[in-house]
Amino acid sequence: MANDTLLNTSTVSFSDIIGNGKLYKVPLYQRDYSWKKEHWEDLWNDILTIVRYDTVHYMGAVVFQNRGNKTYSVIDGQQRLVTLSLVVLATLHHIRSLIEQKVEVAENEERMLLLSKKFLGDKDPGSLTYSAKLELNENNNGFYQSHLMIFRTPINTRKLRDSDALLWKGYHFFVDKIGHYFGDKPSGEGMANFLNKEIAEKLKFIQIVVEDEVNAYTVFETLNSRGERLTISDLLKNFLFSRCSTTDLPHVKEQWQRIIDTVGLEKFPTFLRHYWISKHPLINERDLFKALKMNINDAISAIDLLDELERNAQLYVALKNYHDELWQGKREIQKRIR
C-alpha cells in the first residue's frame, strides 16, 4: 500500500497531524459527533497511561483525502480528532482560568497564544481571517466554532442538538479530568507540557493520505464495509449523498437532517428497519444496507426514498405518543395507541 502512487502511509503523532499549517474538513457525508462517556473514559485512560509509564499509545488509522494547499478531507478518524480537540480546549480552559486569577499572566497568555496557534488555528497574515485547523460537518461546525472555540457557554444547553450536546458534555468531561489531575496547584507550564509534550507527541496514528484521483465516497464505504465502526445511518447517508448531483445536495442534506431530528439519531436504524420490513420481507439489520443499495440506482430513487422516510418518520414517532398533534380530534386512534 505504501508504494501505491495513490496512497501515502506513515506513522505520525497527533502533533504531526495537526501541525505545519494543515487544515482538516469533515465531509458532508460524515456522521455527526457521536462519542460518549465510555469513549471519553477510554481516551483519558490512554492519556494517563502514556504519561505515567512514559510510553506511546497507538490510536489506529486515520484516512485523509488531499485537497491541495495543505487542506485535507477527513475520510476516517473524525471522532478521534474532534475529541482530541476537546482535550486541547479543556487544557486551554484551565490555563485561561489561571490568567483570570492573575497567575503568571504574561507567561500564561503567551502559552495560550502558542498552543492555540499550534492546535486550533491562526489568523492568515494577509487577509487577517481566522482559519480553524479543524472544520466539522455542517451540523456541528457552527456550535464548535461559535461556542467551544471561543469558550462561550450556550444560552440553553437543554436545547442543543444531540450531537452538539455531546460536544459540550465531552468538553466538560475533560475539563473535570484535567482539573482533578493537576489538583489544587495547577501550573500553566505543567499543563502546557502535558498537552504539547505528552498528548501531542505520544499519541500515534497510522496516517493514510488518499490523493485526489481516488473517489472519497468509495474509500469511505470500503474501509467500513463490514460495519464494524459505522452504523447503517452513516453508510446510508454516504450512499444517498454520493448518488445525488451537486444541485440536489443542499435539499437532500436538509431533508436528511429533518428525518434525523424527527426520529433521533440513535433510533434511526430501528426506524429504518421497521420502515423497510413494512414493505418488504423480514430482514436483519446486517443485511439492510445491502438491500437498500440494490433499490437505489440513481438520484431519483435516492430522493424518492428520502421522501418516503420523511413522510413515515412523523407517523413512526406519533405512534408512541397518543397526545401527538397528528391524532388531534381522532379519539378512536388515540384510544388504540394508548
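Modeller: The protein chain has 14 helices and 8 strands. Both are DSSP runs, numbered from the N terminus: helices are H or I with at least four residues, strands are E with at least two. This is a predicted model, where local features need pLDDT of at least 70, side-chain atom pairs count only at pLDDT 80 or more, and totals for chains, interfaces and linings use all residues. Residues are numbered from 1 along each chain as its sequence is written, and side-chain values use heavy atoms, with hydrogens and water left out.

Of the 338 residues in the protein chain, 48% are buried. Buried means under 20% relative accessible area, exposed means over 50%, and partly exposed is in between (1.4 Å probe, protein chains only).

Now the core. The largest nonpolar core holds 63 residues. Such a core is a set of buried Ala, Val, Leu, Ile, Met, Phe, Trp, Tyr and Cys residues joined through side-chain atoms within 4.5 Å. F14, L148 and F174 have the most contacts inside it. Helix α3, residues 78-100, gives the most to this core: 12 residues. Apart from this core lies another, of 31 residues, with F239, L249, I259 and L305 among them.

Take L148 for the close look. Contact here means heavy atoms within 4.5 Å. Leaving aside neighbours within four places in sequence, L148 is in contact with L86, L89, F143, L167, W168 and Y171. L148 is one of the buried residues of helix α5, residues 138-148. What covers the buried residues of α5? The cover includes α3, β7 (134-135), α6 (162-182) and α10 (249-263).

In one, the side chains of K177 and E41 meet at 4.0 Å, N to O. K177 lies in helix α6 and E41 in helix α2 (residues 37-52), so the pair ties together parts that are 136 residues apart in sequence. K177 is partly exposed at 26% relative accessibility. E41 is partly exposed too, at 24%.

R258 pairs with E310, with the closest N and O atoms 2.6 Å apart. This pair links distant parts of the chain: R258 is in helix α10 and E310 in helix α13 (residues 299-318), 52 residues apart. E310 is partly exposed at 25% relative accessibility, and R258 is partly exposed at 34%.

Next, a strand. Which strands pair with it? Two strands count as paired if DSSP finds at least two bridges between them. Strand β2 (residues 23-25) pairs with β4 in the parallel sense, over 3 bridges. Strand β3 (residues 57-68) pairs with β4 in the antiparallel sense, over 5 bridges. S73 in β4 is the bridge partner of K25, and Q65 stands opposite S73. β3 and β4 form a hairpin with 2 residues between them. N69, in the turn, has a positive phi of about 55°.

T71 lies in β4 and counts as buried at 15% relative accessibility. Not counting residues up to four places away in sequence, T71 touches L23, K25, Q65 and N66.

Last, strand β1. V12 lies in this strand, residues 7-13. Is V12 buried or exposed? V12 is buried, at 9% relative accessibility. V12 and Q207 are 195 residues apart in sequence, yet 6.5 Å apart in space, C-alpha to C-alpha. Beyond neighbours within four places in sequence, V12 is in contact with I17, L203, K204, F205 and Q207. Among contacts between residues at least 6 apart in sequence, 69% join residues at least 24 apart.
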